[in-house]
Amino acid sequence: QAQINELILTFVFYWYNFMPLARGTAATGYITLLGLFLAVGRPVQSPIPKGVQVDWEAILNKNPKEFIASVRSWLLPSNCGTKLNETVALNKNMLTLPYVGDIFPTMRTVIECLNNDGWRI
């Protein structure tokens with residue numbers, strides 16, 4: 001688990017440091033971070049502390065290890081109150097969802113869905 005956490009945060013560190021050259025955004029990096037933790041079954045449930053900007057934590061630290069040390073206390077799923085039961089329940093709920101390929105079998109149906117301005121969220 002610790003190795004996966006470090007790999008995800010190392011990836012995010014390099015994203016944030018490459019971001020100005022790629023015209024990326026800090027929000028994209030943070031959403032990617034959240035998605036990677038969710039993909040490995042450990043959703044981040046703690047909010048970013050007031051006064052902290054994750055991208056600047058990465059940019060102002062010299063290497064990934066320093067970045068990880070600066071965000072570990074509040075960011076890592078093992079430290080943010082995620083209970084194993086909640087994660088298992090979330091994964092079981094996700095397994096009941098239909099397969100995306102069954103709902104949108106062709107590229108056309110995917111594009112139609114994404115372009116549908118009748119959706120209300």
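This is a predicted model: local features need pLDDT of at least 70, side-chain atom pairs count only at pLDDT 80 or more; totals for chains, interfaces and linings use all residues.
Let's start at helix α7 (residues 107–115), where Arg108 and Glu112 sit four residues apart, so about one helical turn separates them. Helices here are DSSP runs of H or I with at least four residues, strands are runs of E with at least two, and both are numbered from the N terminus. Arg108 and Glu112 form a salt bridge, with their closest N and O atoms 2.9 Å apart. The term salt bridge is used when a side-chain nitrogen of Lys or Arg comes within 4 Å of a carboxyl oxygen of Asp or Glu. Arg108 counts as exposed, at 61% relative accessibility, while Glu112 is partly exposed, with a relative accessible area of 43%.

Residues are numbered from 1 along each chain as its sequence is written, and side-chain values use heavy atoms, leaving out hydrogens and water.

Now step back to the whole protein. It has seven helices and zero strands, so reading along the sequence gives you α-α-α-α-α-α-α. Of its 121 residues, 26% are buried. If you take the contacts (heavy atoms within 4.5 Å) between residues at least 6 apart in sequence, 68% of them join residues at least 24 apart.

What about the inside? In soluble globular proteins, nonpolar side chains tend to be buried together. In this model, the largest nonpolar core has 18 residues, and those with the most contacts inside it are Leu9, Tyr16, Tyr30, Leu33, Phe37, Phe67 and Leu75. A nonpolar core means a set of buried Ala, Val, Leu, Ile, Met, Phe, Trp, Tyr and Cys residues joined through side-chain atoms within 4.5 Å. The elements that give two or more residues to this core are α1 (2–22), α2 (26–39), α3 (54–60) and α4 (64–75). Of these, α1 gives the most, with six residues. For a close-up, pick Leu33: not counting residues up to four places away in sequence, Leu33 touches Ile8, Leu9, Val12 and Leu75.

Helix α4 is worth a visit of its own. At its start, a side-chain oxygen of Asn63 reaches to within 3.1 Å of the backbone nitrogen of Lys65. Then there is its length: α4 has 12 residues, yet its end C-alpha atoms are only 14 Å apart, short of the 16 Å that a straight helix would reach at 1.5 Å a residue. That expected span is 1.5 Å times one less than the number of residues. Which residues of α4 are buried? They are Pro64, Phe67, Ile68, Val71, Trp74 and Leu75. These residues cover an arc of only 125° around the axis, which puts them on the same side of α4. The arc is taken from the directions that run from the helix axis to the C-beta atoms. The buried residues of α4 pack against α1, α2 and α3. On the other side of α4, Lys65, Ala69 and Ser73 are exposed.

α4 also has a part in one of the structure's two salt bridges. Arg72 pairs with Glu6, the closest N and O atoms being 3.8 Å apart. Because Arg72 lies in helix α4 and Glu6 in helix α1, the pair ties together parts that are 66 residues apart in sequence. Both ends are partly exposed: Arg72 has 33% relative accessibility, and Glu6 has 32%.

Asn5 is found in helix α1 and is buried, with a relative accessible area of 6%. The side chain of Asn5 makes a polar contact with the side chain of Arg42, at 2.9 Å. A polar contact is a pair of N or O atoms within 3.5 Å; within protein, one must be able to donate a hydrogen and the other to accept it, and residues adjacent in sequence count only if both atoms are side-chain atoms. Leu7, found in helix α1 too, counts as exposed at 55% relative accessibility. The C-alpha atoms of Leu7 and Pro64 are separated by 9.5 Å, though the two residues are 57 apart along the chain. Over in helix α2 lies Ala27, which counts as partly exposed at 46% relative accessibility. Ala27 and Asp55 are 28 residues apart along the chain, and their C-alpha atoms are separated by 8.7 Å.

Notes: Buried means under 20% relative accessible area, exposed over 50%, partly exposed in between (1.4 Å probe, protein chains only).
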